[in-house]
Structure formats: C-alpha cells, structure tokens
Amino acid sequence: MPPVNPNPIHDTTIPNPPFGEPGHRPIIQRGAGRVNVNERKIINGGTADVVQLWPIKHKFAWDAYNVANANHWLPTEISMQSDIEQWRSQTVLSDDERHAFKTVLGFFTTADSIAANNLVLAFYKHITSPEARLYLLRQAYEEAVHTHAYQYMVESLGLEGTEIYNMYREVDAIYNKEEFILTFNTGIFDDHFKTGTFESDQKFLENMCVFSLILEGIFFYSSFAVIFGFQRQGKLVGSAEQIQYIMRDESNHMNFGIDMINTIKEEQPELWTPEFVTRITNLIKKAVKLEYEFAVNVFPTGIFGLNAEGFKQYIEHIADRRLARVGIDQVYGSPNPFPWMSEAVDLNKEKNFFETRVTEYKTGGTLSW
Ligand SMILES: [Fe+2]
Ligand SMILES: [Fe+2]
C-alpha cells in the first residue's frame, strides 16, 4: 500500500515526483479505506478528502450555495437611465452629494477585488470541507459580479474612471481601510503557510474574522447605508438597486463566514482563547475608528441628514452586532440611528432578510422589497 500523506491538500512544500515515478506521494488516499465524513472539518480535515462532496457534513455551506444560486443577478439587467439623467443635471445633486457618492464608489471598486483575492489565493486551499469549497467558488464569482457592477456604475454615469479607481492610492481614508485589511492575508498568501499548528490556525481564524466581520460586515455595510441614503431621497436609484443586490450577496457571505468561524470554534475550541477574543475585539475597535475616519471623508459637512457623527453610531451599532454573532461581548451599546437600514433590508414577510439566516427563496434572481 502506498504511504498515506497525512495532510494531502497542504503539503506542497515536499517535492512530489510525477505519478508513476518512484517516490510519488499519493494525493488521493488510495487503499486507506472509505472516507469517514465525521473526520471532515472546516480546516485540518485533510484525512477526509476534499473531492468527495457527499455526504454533506457542513449543511450551512450547502444551504448557502443553494441560496446563492437562487439569487443570481447581473449588473447590466438594472436600468441606470434615471441615474444618468440626474448625474448630468446641474440641479439634482449637490457637490457634497457627488463627493460622497464618488468616495464610497472609490472604496467599493477595489474592496471586492481584495475580498476575491483573499478567497482564491489565501483562503480556499486551506479549507478542507468540500461543501464549504463549493460555496467559496460561488462566492468568488459573486465578487466578480460586484466588481463588474461598480465598473458599470462608473461607465454609465460617465465618471472619471482613473479618479475613482485610484482612490485607494490617493485618499488616505480608503487607503487606511484597505491596507489594514490586506495586512491580514500577507502571511496566509505565503506558499509555505500551513494550518495545523495552534499559531497558524489562530492566524487563519483571525483572517476569517477580519474578512467576514470587518470587511464584509462593517466596511461594506456602512457604505451600503450611504447609497441607501441617496435612494431615500429618490436619487441614484439605479445605483442603489445595484447595491441592494450586492448587499443581499454580501449578507450571505458574512453569514457564511460567521458560520465557518463558529464551526471552527466547535471543531477546535482550543483556538478561541481569552487572548484571541481580546485580539478580535481590538481589531473591531480599530476598524470602527478607521470607518469613522472614512465617514469624515465621505461627509465633510453632511448631506440630507447624514453626517460623520451619525455614522459613528451606526458603525458602532453594527460592530456590536458582528461581535455578538461570534459570541464576543459587545463594546459600544449604541442604538441603531438608521432604523431605515433595517427596513431597507427587510423583505416581505421574511424579517431581517439580510441580517439573519435566509432559508426560503421562491424564484431565482428577482428582488422584491
Ligand atoms: Fe462583494
Ligand atoms: Fe463578499
């Protein structure tokens, strides 16, 4: 019987001669018996091969995959005509409103590429649950659709693309948020990074917390709220519709990420130490600070009742909610200053459509509010 590779999906650092040549190290565990699904884990479950989808162990991932397929949409299906007319008009949008819209779009244009790169280049190869991998493939595609949506908005409105797309290099408040996020995938991008030690598993879990709770759960949500502020004034409603579809997807990404974090907590409880909880809490506090600085940049003076101080409370409110979802004590106790954000995300009878688990979709793609 050929030797069994204890960690078949990770071990790329040891040279492996081609199949059929002496010393070839099997990747599929031939002769090692049938896969025991009970050995499947989110990470470090390499003994249960990643190529056997069935039976499903992590049902939340399979559910997320099916929900995502039912939510298919494309940016080009949404009419941008009234946005184009309003953007060209000299009377509909103030300079402050144009500035806020462009700054948020400047953040979005690069943020989804950062999310996609993390999924594909840092995250995917360390995930040992086939059903979680299935959803990640879908999620990566959705990040591409979002990146397309922002391009479509820039092109439709005739914005200066080089200005919007370079904001992450030129606007400190955007640079600081994105640079902060990127520091958490540097080690994991490394070819030699492996899960399987206490330190590396905590580092991986930290990456999950940063991308799901902070990037998708705080940085995105706060910018979604800015765009819905426009929508409430009857302004840029095509762009807002694009963002509604994106928010539906991002809400699922965040819920999936939270399910992954909570499942790892169950599978490897030793990782979730008091020190780790403090570390995550401090990262959330840092993110809230960065997001407030971003809000100051978005609203130098305030537009239609929205200003940086009001946003601070909203950012704190959603930060507390994200902490609670992974069982960490809340920090701020700030009430939601934008109850309309909850209304914007409630769909028909499905209460808290975006913020809670979604289980019932009747048809693919359509969005009813
Ligand atoms: Fe996205
Ligand atoms: Fe996402």
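In this predicted model, F304 is partly exposed, because 14 other C-beta atoms lie within 10 Å, whereas a buried residue requires 20 or more. F304 lies in the loop between α11 and α12. Although F304 is not a glycine, its phi is positive, at about 25 degrees.

A second residue of this kind is N44, a residue other than glycine with a positive phi near 65 degrees. N44 is placed in the segment before α1. N44 counts as buried because it has 21 C-beta neighbours inside 10 Å. The segment before α1 also holds P55, and the peptide bond from W54 to P55 is cis, with omega near 0 degrees. Most residues other than glycine have a negative phi, and most peptide bonds are trans.

**Overall architecture**

The secondary structure of the chain consists of 13 helices and 0 strands. Of the 369 residues in the chain, 41% are buried.

**Helix packing**

Two packed helices are described by the angle between their axes and the distance between the axes. The table gives these values for two pairs.

| Helix pair | Angle | Axis distance |
|---|---|---|
| α1 (residues 59-70) and α4 (residues 130-157) | about 30 degrees | 8 Å |
| α11 (residues 274-298) and α12 (residues 308-325) | about 155 degrees | 9 Å |

With an angle of about 30 degrees, α1 is roughly parallel to α4. The crossing of α1 and α4 is left-handed. On the α1 side the contact is made by A61, W62, A64, Y65 and A68, and on the α4 side by E131, A132, L134, Y135, R138 and E142. Sorted by class, the contact of α1 with α4 has 8 nonpolar, no polar and 3 charged residues.

The angle of about 155 degrees between α11 and α12 is over 145 degrees, so these two helices count as roughly antiparallel. Their crossing is right-handed. From α11 the contact draws on T281, I284, V288, E291, Y292, A295 and V296, while α12 supplies A308, F311, K312, I315, E316, A319, R322 and L323. The contact of α11 with α12 has 10 nonpolar, 1 polar and 4 charged residues.

**The nonpolar core**

The largest nonpolar core has 85 residues, of which V104, L215 and I218 touch the most other members. Helix α9 (residues 198-232) provides the largest share of this core, with 19 residues. What does I218 touch, leaving aside its neighbours within four places in sequence? The residues in contact with I218 are L213, A287, E291, I315, I318, A319 and R322. Among them, E291 belongs to the α11 side of the contact between α11 and α12, and I315, A319 and R322 belong to the α12 side.

Is Q139 buried or exposed? Q139 is buried, because 24 other C-beta atoms lie within 10 Å. Leaving aside neighbours within four places in sequence, Q139 is in contact with L119 and H253. Q139 and F256 are 117 residues apart in sequence, yet their C-alpha atoms are 9.8 Å apart in space.

How values were computed. Residues are numbered from 1 along each chain as its sequence is written. Chains are lettered from A and ligands numbered from 1 in the order in which they are written. This is a predicted model: local features need pLDDT of at least 70, side-chain atom pairs count only at pLDDT 80 or more; totals for chains, interfaces and linings use all residues. Axes are lines fitted to C-alpha atoms, for helices over the stretch in contact, and angles run from 0 to 180 degrees between N-to-C directions. Helices (H or I, at least four residues) and strands (E, at least two) are DSSP runs, numbered from the N terminus. Angles under 35 degrees count as roughly parallel, over 145 as roughly antiparallel, 65 to 115 as roughly perpendicular and the rest as oblique. A crossing is left-handed if the near helix is turned anticlockwise from the far one by less than a right angle, and right-handed if clockwise. Two residues are in contact if their C-beta atoms, placed from the backbone, lie within 7 Å. Ala, Val, Leu, Ile, Met, Phe, Trp, Tyr, Cys and Pro count as nonpolar, Asp, Glu, Lys and Arg as charged, and the others, Gly among them, as polar. A nonpolar core is a set of buried Ala, Val, Leu, Ile, Met, Phe, Trp, Tyr and Cys residues joined through C-beta atoms within 7 Å. A residue is buried if 20 or more other C-beta atoms lie within 10 Å of its own, exposed if 12 or fewer, and partly exposed in between; C-beta atoms are placed from the backbone.
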